[in-house]
Amino acid sequence: MEVPVIGKLNSPLPLILALMAGGIIMVGGVTYKIVETPTAEVELKDLTVSVKRETLTVEIEASGTLEPIESVNLSPKNPGRLIKLLVKPGMSVKQGQVLAVMENTEVQAQGKQAQAHFQKAVAELEAAKITIPSEINQAQTRLIQAEAQLEETQASLAKAQQRIPKDIEQIKAQILAARSRTQLAASRVKRNEELMKAGAITHDSFDEVISEYHNAEANLLEITQRLEQIQNTANPEISQLQQDIIRSQAAVSEAKIAFEERKRTAQAETSRLEASVTAAKAELERRMIQFQDTAIRAPFDGIITQKYANIGAFVTPSTSNSILGLARGLEVVAKVPEMDLGMLEVGQPVKIVADAYPDKMFQGKVIGIAPEAIIDRNVTSFEVTIGLVTGRNELKSKMNVDVTFLGKQLSNALVVPTIAIVTHEGKIGVMVPNQDNDPEFKPVTIGIVLDEKTEILSGLNSGDRVFIDIPSDKNDKKSQSS
């Protein structure tokens, strides 16, 4: 794993011990013994390497698991028998979509009854809201209305007295015209009868003339009857208008009595009806909620992941007795060691390789870093959430993946092999050749530590040589001198 170490280290020893390979620790262990050992004839180029400047790309590797962005097990709100299952695992669903239905016959019947009660209560209240104020106002203004009605009736009587004679004269004129048309039609019948006998016209033409004569007679009869009707109804119409005047006068007295009575009962009746509506509405809402709860709906867009119950099963509202599993989206949750956390940031690109697709590389980016560490078997790590940029169709929930966090590139960095890093008396450094080409400890300040390369911030220059192995004769000489 690639390990970042930025700036000077206040306590470098624990970090170095965790990062360096076994060979480094062995080199560090014998460093003190060989510092003062005389130099033997050794091929320096085989035991040392040159310090170089290179471009380092910070990469941090970790393992992770694909997890849904959001997941839930769906259970009914109330216990009951499952009667419909409308989806299968793998199906995509939309928020609010009905996924399953619990038994609801009894609840539905109770809901209809509650709805009827509510509608009745509302109708009664609405009627009261209209009738009560109206009755109070009408009782107060009924006298004025009765007087207006009386005036209207009197005006109607006057119009009737003027209209009826005019109507009679008009109908009489219509009768004269109808008689003339009838006489003319009769003359045409006689003329056409002679023509038909002589063969000058056809029977059809003669039939048309006869039909016109009959129509004229019928029209004359109708107008005559209308005249008789008007003459017979003229007096009853006038009598009716006179009776209407009497009824309007009586309405004034009735309105005064109704006004006083309605004022006494209006407020109490309205309060009672409003309370009935409130109670009926609450009962209806309770039944509606019960009915709606029998339909298991998707709380968000997602994919059905599991089916836990079959039709006919009795299901209770508990996570251990669910109907379906629903998940939305995918993201990678990786555990990153505490020492690597400083090199991560939101938005950082990530390479993803799944065990199921070892030859494919998917892209992602860091979308979240956990604010609290996880300690497992004395190992401290942080959960880092990675959003998928590619692979949404191929990757599946719970797949194992390896991730590589891509950091910034460090150009012109002074680099030595990580195996060259040693410790001496609690200090970090390297072994460099002295004037006699013997290993000599030199403290350095290190920066980024990758698996095989370590950045040197101070203590060395480009072209310096450092030991990556210690000659065996140094150990022998040191043992003899001891």
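Student: What is the strand order in the open sheet of four strands?

Tutor: The order is 6-5-3-8, with antiparallel pairing. This is a predicted model, where local features need pLDDT of at least 70, side-chain atom pairs count only at pLDDT 80 or more, and totals for chains, interfaces and linings use all residues. Residues are numbered from 1 along each chain as its sequence is written, and side-chain values use heavy atoms, without hydrogens and water.

Student: What makes strand 6 and strand 8 edge strands?

Tutor: Strand 6 (295-297) and strand 8 (314-315) each pair on one side only. Strands are DSSP runs of E, at least two residues, numbered from the N terminus.

Student: How do you know that strand 3 and strand 8 pair?

Tutor: Pairing needs at least two DSSP bridges between the strands. Strand 3 (residues 80-85) and strand 8 have two bridges, so they count as an antiparallel pair. Arg-81 has Phe-314 of strand 8 as its bridge partner.

Student: Which strands pair with strand 10?

Tutor: Five bridges join strand 10 to strand 11 (residues 357-369), antiparallel. Two residues separate them in a hairpin. Strand 14 also pairs with strand 10 in the antiparallel sense, over five bridges. Here Lys-351 stands opposite Thr-404.

Student: Asp-402 is in strand 14 (residues 400-417). Why is Asp-402 called partly exposed?

Tutor: Buried means under 20% relative accessible area and exposed over 50%, with partly exposed in between (1.4 Å probe, protein chains only). Asp-402 has 41% relative accessibility, so Asp-402 counts as partly exposed.
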